[in-house]
Amino acid sequence: YLQEHAELFGRNFLVVNLDPAAENFGYRCDIDIRDLVTLDDVKEEMDLGPNGGLVFCLEYLLENLDWLLDELSSLNDEDYVLFDCPG
């Protein structure tokens, strides 16, 4: 609802999903870590459980922070960004 409210007032509002295990969203996800790495892929390829896989995914994001910065590069000073984190 926050996204719709901001847009109602003419604000550019982006949501960044940083949860590689997320499956369902009740909102529009503009930037999604799952485009970079997914928990299911990591669990399968690295033979990790859910907690270890999540840690790996977030470390992978840190190692590839340029990906996120590139995704955010089109933002203006007037834009709002909400980061949806795991948990």
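How many aromatic pairs does a search of the whole structure find? The search finds two, where rings of Phe, Tyr and Trp (its six-membered ring) pair if their centres lie within 6.5 Å, with planes under 30 degrees apart counted as stacked, over 60 as edge-to-face and the rest as tilted. Keep in mind that this is a predicted model, in which local features need pLDDT of at least 70 and side-chain atom pairs count only at pLDDT 80 or more, while totals for chains, interfaces and linings use all residues. Residues are numbered from 1 along each chain as its sequence is written, and side-chain values use heavy atoms, with hydrogens and water left out.

Let's start with F25 and Y27. Their rings sit 5.2 Å apart, centre to centre, with 65° between the planes, an edge-to-face pair. F25 has a relative accessible area of 26% and is therefore partly exposed, a class lying between buried (under 20%) and exposed (over 50%), using a 1.4 Å probe and protein chains only. Y27 is partly exposed too, at 28%.

Now turn to F56 and Y60. Their ring centres are 6.2 Å apart and the planes meet at 20°, so this pair is stacked. Both residues belong to helix 3 and are four residues apart, which means about one helical turn separates them; helices here are DSSP runs (H or I, at least four residues), numbered from the N terminus. F56 is partly exposed at 26% relative accessible area, and Y60 is partly exposed at 29%.

Helix 3 covers residues 50-63 and also holds L62. Because its relative accessibility is 62%, L62 counts as exposed.

Technical notes: Helices (H or I, at least four residues) and strands (E, at least two) are DSSP runs, numbered from the N terminus.
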